[in-house]
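Hi there,

Here is the structure I promised to pass on. Have a look at it first, and my notes on the side chains follow below.

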Amino acid sequence: MELQTRQLRYFVAVAEELNFTRASQRLHIAQQALSAQIKQLEQDLDVILLTRTTRSVTLTAAGAAFLEDASAVLAAMDAAAERARSLQRSERARLVLGFLEGAALILTEPILSAFRTRHPGVTVELRQFNYDDPSAGLADRSVDVAFVRRPISTDGIDFVPLFNEPLMVGLRTDHPLADRPAVRASELLSEPMLGAACTDPVWNAFWELDAHRNGTPTPPVSRSTTLLEEYQKVAAGVGIVVTAAAARWVPFPGVALVPISDAARNEVAVARHRDNDSALVCSFIDTARRVRDARPDLVAKLSEPDFDDRTMPTFIPY
(Lines give C-alpha, C1' and ligand atoms only; values in the text may rest on other atoms or scores of the structure.)
Protein backbone atom coordinates (compact mmCIF):
# COMPACT_ATOMS: atom_id res chain seq x y z
CA MET A 1 0.00 0.00 0.00
CA GLU A 2 1.35 3.41 -1.01
CA LEU A 3 -0.36 6.42 0.51
CA GLN A 4 0.00 9.71 -1.29
CA THR A 5 0.74 12.99 0.45
CA ARG A 6 -2.15 14.53 -1.43
CA GLN A 7 -4.58 11.98 0.05
CA LEU A 8 -3.34 12.75 3.55
CA ARG A 9 -3.75 16.50 3.03
CA TYR A 10 -7.24 16.01 1.64
CA PHE A 11 -8.27 13.84 4.59
CA VAL A 12 -6.84 16.26 7.16
CA ALA A 13 -8.77 19.14 5.57
CA VAL A 14 -12.06 17.22 5.69
CA ALA A 15 -11.38 15.99 9.22
CA GLU A 16 -10.65 19.49 10.46
CA GLU A 17 -13.60 21.11 8.68
CA LEU A 18 -16.04 18.18 9.11
CA ASN A 19 -17.65 19.54 5.98
CA PHE A 20 -16.85 18.52 2.41
CA THR A 21 -17.96 21.86 0.95
CA ARG A 22 -15.70 23.92 3.20
CA ALA A 23 -12.82 21.49 2.77
CA SER A 24 -13.08 21.60 -1.03
CA GLN A 25 -13.09 25.40 -0.94
CA ARG A 26 -10.03 25.38 1.33
CA LEU A 27 -8.22 22.97 -1.00
CA HIS A 28 -9.44 24.69 -4.20
CA ILE A 29 -10.71 21.45 -5.73
CA ALA A 30 -14.16 20.20 -6.74
CA GLN A 31 -16.20 18.66 -3.94
CA GLN A 32 -16.91 15.55 -6.04
CA ALA A 33 -13.19 15.01 -6.65
CA LEU A 34 -12.47 15.44 -2.93
CA SER A 35 -15.13 12.91 -1.98
CA ALA A 36 -13.70 10.42 -4.47
CA GLN A 37 -10.20 10.84 -3.04
CA ILE A 38 -11.42 10.19 0.53
CA LYS A 39 -13.28 7.08 -0.59
CA GLN A 40 -10.14 5.84 -2.36
CA LEU A 41 -8.11 6.44 0.80
CA GLU A 42 -10.58 4.43 2.89
CA GLN A 43 -10.43 1.61 0.33
CA ASP A 44 -6.63 1.64 0.34
CA LEU A 45 -6.58 1.47 4.14
CA ASP A 46 -9.57 -0.83 4.37
CA VAL A 47 -10.78 1.42 7.18
CA ILE A 48 -13.85 3.66 7.57
CA LEU A 49 -12.49 7.04 8.56
CA LEU A 50 -15.62 9.19 8.33
CA THR A 51 -19.29 8.71 9.06
CA ARG A 52 -21.34 10.64 6.52
CA THR A 53 -25.00 11.55 6.62
CA THR A 54 -26.96 14.06 4.58
CA ARG A 55 -26.59 16.53 7.47
CA SER A 56 -23.18 15.90 9.02
CA VAL A 57 -19.71 14.42 8.76
CA THR A 58 -18.05 12.90 11.84
CA LEU A 59 -14.83 11.05 12.51
CA THR A 60 -14.87 7.41 13.48
CA ALA A 61 -12.52 6.31 16.25
CA ALA A 62 -10.17 5.00 13.57
CA GLY A 63 -10.49 8.30 11.71
CA ALA A 64 -9.59 10.33 14.80
CA ALA A 65 -6.49 8.21 15.36
CA PHE A 66 -5.53 8.45 11.69
CA LEU A 67 -5.98 12.25 11.76
CA GLU A 68 -3.48 12.57 14.62
CA ASP A 69 -0.88 10.44 12.88
CA ALA A 70 -1.48 11.92 9.41
CA SER A 71 -1.07 15.45 10.77
CA ALA A 72 2.23 14.46 12.37
CA VAL A 73 3.44 12.84 9.13
CA LEU A 74 2.59 15.94 7.07
CA ALA A 75 4.26 18.25 9.59
CA ALA A 76 7.39 16.11 9.50
CA MET A 77 7.41 16.09 5.69
CA ASP A 78 6.96 19.86 5.52
CA ALA A 79 9.75 20.35 8.05
CA ALA A 80 12.04 18.03 6.10
CA ALA A 81 11.37 19.89 2.86
CA GLU A 82 12.00 23.28 4.47
CA ARG A 83 15.21 22.00 6.08
CA ALA A 84 16.46 20.79 2.69
CA ARG A 85 15.60 24.13 1.09
CA SER A 86 17.32 25.99 3.92
CA LEU A 87 20.48 23.91 3.56
CA GLN A 88 20.51 24.46 -0.18
CA ARG A 89 20.20 28.21 0.33
CA SER A 90 23.12 28.11 2.76
CA GLU A 91 25.19 26.01 0.36
CA ARG A 92 24.59 28.53 -2.38
CA ALA A 93 25.52 31.37 -0.01
CA ARG A 94 23.20 33.80 -1.71
CA LEU A 95 20.79 36.38 -0.31
CA VAL A 96 18.08 37.81 -2.56
CA LEU A 97 17.24 41.40 -1.61
CA GLY A 98 14.09 42.97 -3.03
CA PHE A 99 13.53 46.71 -3.15
CA LEU A 100 11.27 49.37 -4.57
CA GLU A 101 12.52 52.48 -6.32
CA GLY A 102 15.09 54.14 -4.10
CA ALA A 103 15.57 51.12 -1.80
CA ALA A 104 16.72 52.52 1.59
CA LEU A 105 18.19 55.60 -0.13
CA ILE A 106 21.49 56.75 1.39
CA LEU A 107 21.35 53.99 4.00
CA THR A 108 21.42 51.31 1.29
CA GLU A 109 25.12 51.40 0.48
CA PRO A 110 26.29 51.42 4.14
CA ILE A 111 23.99 48.49 4.92
CA LEU A 112 25.22 46.46 1.94
CA SER A 113 28.86 47.29 2.68
CA ALA A 114 28.51 46.27 6.33
CA PHE A 115 26.77 43.03 5.38
CA ARG A 116 29.46 42.13 2.83
CA THR A 117 32.14 42.78 5.43
CA ARG A 118 30.28 40.49 7.81
CA HIS A 119 29.72 37.80 5.15
CA PRO A 120 32.46 38.14 2.51
CA GLY A 121 31.51 34.86 0.81
CA VAL A 122 27.82 35.69 0.35
CA THR A 123 26.43 37.01 -2.93
CA VAL A 124 23.69 39.61 -2.51
CA GLU A 125 21.34 39.55 -5.50
CA LEU A 126 19.38 42.79 -5.91
CA ARG A 127 15.92 42.66 -7.49
CA GLN A 128 13.91 45.82 -8.13
CA PHE A 129 10.11 45.75 -8.03
CA ASN A 130 7.57 48.27 -9.24
CA TYR A 131 4.44 49.62 -7.61
CA ASP A 132 2.46 46.53 -8.66
CA ASP A 133 4.25 44.66 -5.84
CA PRO A 134 4.80 46.97 -2.87
CA SER A 135 6.04 43.96 -0.85
CA ALA A 136 9.11 43.91 -3.15
CA GLY A 137 8.91 40.16 -3.65
CA LEU A 138 7.95 39.11 -0.13
CA ALA A 139 4.34 38.34 -1.07
CA ASP A 140 5.31 35.48 -3.40
CA ARG A 141 8.54 34.66 -1.52
CA SER A 142 10.72 35.38 -4.53
CA VAL A 143 13.12 37.28 -2.24
CA ASP A 144 14.63 36.56 1.17
CA VAL A 145 14.49 40.08 2.55
CA ALA A 146 13.36 43.45 1.23
CA PHE A 147 13.46 47.21 1.62
CA VAL A 148 9.80 48.28 1.58
CA ARG A 149 7.68 51.36 2.09
CA ARG A 150 4.83 51.02 4.54
CA PRO A 151 1.96 50.66 4.86
CA ILE A 152 1.39 47.39 3.01
CA SER A 153 -1.11 44.64 3.81
CA THR A 154 0.94 41.50 3.06
CA ASP A 155 0.39 39.02 5.90
CA GLY A 156 3.07 37.39 8.01
CA ILE A 157 5.74 40.06 7.55
CA ASP A 158 8.05 41.45 10.24
CA PHE A 159 9.31 45.02 9.75
CA VAL A 160 12.30 46.82 11.20
CA PRO A 161 11.84 50.58 10.66
CA LEU A 162 14.79 52.47 9.23
CA PHE A 163 13.42 56.00 8.88
CA ASN A 164 10.23 57.98 8.20
CA GLU A 165 9.87 60.34 5.26
CA PRO A 166 7.52 63.29 4.75
CA LEU A 167 5.23 63.17 1.72
CA MET A 168 5.39 65.51 -1.24
CA VAL A 169 3.11 66.24 -4.15
CA GLY A 170 4.32 66.32 -7.73
CA LEU A 171 2.74 69.14 -9.73
CA ARG A 172 3.23 70.66 -13.16
CA THR A 173 5.54 73.63 -12.83
CA ASP A 174 2.72 75.95 -14.01
CA HIS A 175 0.28 74.65 -11.37
CA PRO A 176 -1.00 77.38 -8.98
CA LEU A 177 0.45 75.49 -5.97
CA ALA A 178 3.83 74.74 -7.54
CA ASP A 179 5.64 77.73 -6.03
CA ARG A 180 4.34 77.21 -2.49
CA PRO A 181 6.82 76.19 0.27
CA ALA A 182 4.25 73.59 1.43
CA VAL A 183 0.60 72.60 0.94
CA ARG A 184 -2.05 70.93 3.06
CA ALA A 185 -3.64 67.64 2.02
CA SER A 186 -7.08 69.28 1.86
CA GLU A 187 -5.81 71.55 -0.92
CA LEU A 188 -5.14 68.52 -3.12
CA LEU A 189 -8.35 66.53 -2.74
CA SER A 190 -10.19 68.14 -5.65
CA GLU A 191 -7.25 67.67 -8.01
CA PRO A 192 -7.12 64.80 -10.54
CA MET A 193 -4.81 62.37 -8.76
CA LEU A 194 -2.55 59.67 -10.12
CA GLY A 195 -2.36 56.30 -8.36
CA ALA A 196 -0.20 53.20 -8.39
CA ALA A 197 -0.90 50.13 -10.52
CA CYS A 198 -1.25 48.14 -7.31
CA THR A 199 -3.91 45.82 -5.87
CA ASP A 200 -2.99 46.45 -2.23
CA PRO A 201 -5.84 48.60 -0.84
CA VAL A 202 -3.80 49.74 2.16
CA TRP A 203 -0.98 50.98 -0.06
CA ASN A 204 -3.38 52.74 -2.44
CA ALA A 205 -5.34 54.39 0.37
CA PHE A 206 -2.16 55.85 1.87
CA TRP A 207 -0.75 57.35 -1.33
CA GLU A 208 -4.15 58.60 -2.53
CA LEU A 209 -4.73 60.52 0.75
CA ASP A 210 -7.89 58.58 1.66
CA ALA A 211 -7.33 59.44 5.34
CA HIS A 212 -8.23 63.04 4.45
CA ARG A 213 -11.32 62.27 2.35
CA ASN A 214 -13.90 61.70 5.13
CA GLY A 215 -14.63 58.14 4.06
CA THR A 216 -15.28 58.91 0.40
CA PRO A 217 -12.22 57.82 -1.60
CA THR A 218 -11.84 59.22 -5.09
CA PRO A 219 -10.53 56.82 -7.77
CA PRO A 220 -7.32 58.01 -9.43
CA VAL A 221 -7.50 59.24 -13.02
CA SER A 222 -4.63 56.97 -14.03
CA ARG A 223 -2.39 54.32 -12.46
CA SER A 224 1.36 53.93 -12.95
CA THR A 225 4.00 51.32 -12.16
CA THR A 226 7.06 53.57 -11.60
CA LEU A 227 7.98 57.03 -10.37
CA LEU A 228 9.25 58.06 -13.80
CA GLU A 229 5.94 57.01 -15.37
CA GLU A 230 4.15 59.18 -12.81
CA TYR A 231 6.46 62.10 -13.61
CA GLN A 232 5.70 61.79 -17.32
CA LYS A 233 1.98 61.97 -16.62
CA VAL A 234 2.33 64.92 -14.25
CA ALA A 235 4.39 66.84 -16.82
CA ALA A 236 1.77 66.03 -19.46
CA GLY A 237 -1.00 67.48 -17.29
CA VAL A 238 -2.81 64.19 -16.60
CA GLY A 239 -2.88 64.78 -12.84
CA ILE A 240 -0.90 65.29 -9.65
CA VAL A 241 0.86 62.57 -7.67
CA VAL A 242 1.65 62.04 -3.99
CA THR A 243 5.15 60.69 -3.51
CA ALA A 244 7.91 60.38 -0.90
CA ALA A 245 10.43 63.09 -0.06
CA ALA A 246 13.12 60.98 -1.74
CA ALA A 247 11.64 62.04 -5.08
CA ARG A 248 13.34 65.42 -4.69
CA TRP A 249 16.60 63.68 -5.63
CA VAL A 250 15.17 62.68 -9.00
CA PRO A 251 14.37 65.98 -10.76
CA PHE A 252 12.21 65.83 -13.86
CA PRO A 253 11.57 68.60 -16.43
CA GLY A 254 8.19 70.21 -15.96
CA VAL A 255 7.54 68.75 -12.50
CA ALA A 256 7.69 70.65 -9.21
CA LEU A 257 7.73 68.87 -5.83
CA VAL A 258 6.05 70.53 -2.83
CA PRO A 259 5.96 69.11 0.74
CA ILE A 260 2.56 68.14 2.19
CA SER A 261 2.60 69.59 5.68
CA ASP A 262 -0.12 67.51 7.37
CA ALA A 263 0.07 64.09 5.70
CA ALA A 264 1.16 60.99 7.60
CA ARG A 265 4.78 60.01 7.05
CA ASN A 266 5.92 57.10 4.94
CA GLU A 267 7.99 54.49 6.79
CA VAL A 268 10.91 52.82 5.02
CA ALA A 269 11.71 49.45 6.60
CA VAL A 270 13.69 46.28 6.08
CA ALA A 271 11.32 43.32 6.11
CA ARG A 272 11.20 39.53 6.01
CA HIS A 273 8.66 36.76 6.29
CA ARG A 274 8.04 35.98 9.95
CA ASP A 275 8.80 32.29 9.38
CA ASN A 276 12.05 32.91 7.52
CA ASP A 277 14.61 32.75 10.30
CA SER A 278 17.61 31.68 8.21
CA ALA A 279 20.97 32.82 9.54
CA LEU A 280 21.65 35.07 6.55
CA VAL A 281 18.26 36.80 6.72
CA CYS A 282 18.57 37.40 10.46
CA SER A 283 22.10 38.71 9.98
CA PHE A 284 20.98 41.12 7.24
CA ILE A 285 18.17 42.46 9.44
CA ASP A 286 20.60 42.88 12.32
CA THR A 287 23.12 44.63 10.05
CA ALA A 288 20.48 47.07 8.82
CA ARG A 289 19.46 47.85 12.40
CA ARG A 290 23.08 48.42 13.45
CA VAL A 291 23.81 50.71 10.50
CA ARG A 292 20.63 52.69 11.19
CA ASP A 293 21.68 53.21 14.81
CA ALA A 294 25.29 54.00 13.89
CA ARG A 295 24.38 56.66 11.28
CA PRO A 296 21.99 59.14 12.91
CA ASP A 297 23.31 61.75 10.48
CA LEU A 298 21.90 59.86 7.51
CA VAL A 299 18.64 59.04 9.29
CA ALA A 300 18.19 62.73 10.14
CA LYS A 301 18.88 63.76 6.53
CA LEU A 302 16.16 61.38 5.37
CA SER A 303 13.64 62.01 8.15
CA GLU A 304 13.99 65.81 8.32
CA PRO A 305 15.11 66.70 4.81
CA ASP A 306 16.19 70.10 3.58
CA PHE A 307 13.80 70.50 0.68
CA ASP A 308 16.16 72.94 -1.00
CA ASP A 309 18.88 70.27 -1.10
CA ARG A 310 18.89 68.60 -4.51
CA THR A 311 22.23 66.86 -4.01
CA MET A 312 22.07 63.29 -5.33
CA PRO A 313 22.68 60.67 -2.60
CA THR A 314 25.58 58.29 -2.96
CA PHE A 315 23.33 55.30 -3.75
CA ILE A 316 19.82 55.21 -5.15
CA PRO A 317 19.24 52.07 -7.28
CA TYR A 318 16.57 53.31 -9.70
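Contact here means heavy atoms within 4.5 Å. One thing to keep in mind as you read is that this is a predicted model.

With that cut-off, glutamate 42 touches Val47, Ile48, Leu49, Leu50 and Arg52, leaving aside residues up to four places away in sequence. Glutamate 42 itself belongs to helix H3, which covers residues 31–45. Is this glutamate 42 buried or exposed? Its relative accessibility is 9%, so glutamate 42 counts as buried, because buried means under 20% relative accessible area.

Next, the aromatic rings. Searching the whole structure turned up seven aromatic pairs. One of them joins phenylalanine 147 and phenylalanine 284, a tilted pair with 6.0 Å centre to centre and 55° between the planes. This pair links distant parts of the chain: phenylalanine 147 lies in strand E5 (residues 145–150) and phenylalanine 284 in helix H8 (residues 279–294), 137 residues apart. Phenylalanine 147 has 1% relative accessibility and so counts as buried; phenylalanine 284, at 0%, counts as buried too.

There is also an aromatic cluster, formed by Tyr131, Trp203, Phe206 and Trp207.

Arginine 150 has its charged end over the ring of phenylalanine 159, at 3.9 Å from the ring centre. For arginine 248, the charged end sits over the ring of tryptophan 249, 4.1 Å from its centre.

Definitions and conventions
Residues are numbered from 1 along each chain as its sequence is written. This is a predicted model: local features need pLDDT of at least 70, side-chain atom pairs count only at pLDDT 80 or more; totals for chains, interfaces and linings use all residues. Side-chain values use heavy atoms; hydrogens and water are left out. Rings of Phe, Tyr and Trp (its six-membered ring) pair if their centres lie within 6.5 Å; planes under 30 degrees apart count as stacked, over 60 as edge-to-face and the rest as tilted. Helices (H or I, at least four residues) and strands (E, at least two) are DSSP runs, numbered from the N terminus. Buried means under 20% relative accessible area, exposed over 50%, partly exposed in between (1.4 Å probe, protein chains only). A charge sits over a ring if NZ of Lys or CZ of Arg is within 6 Å of the ring centre and within 35 degrees of the ring normal.
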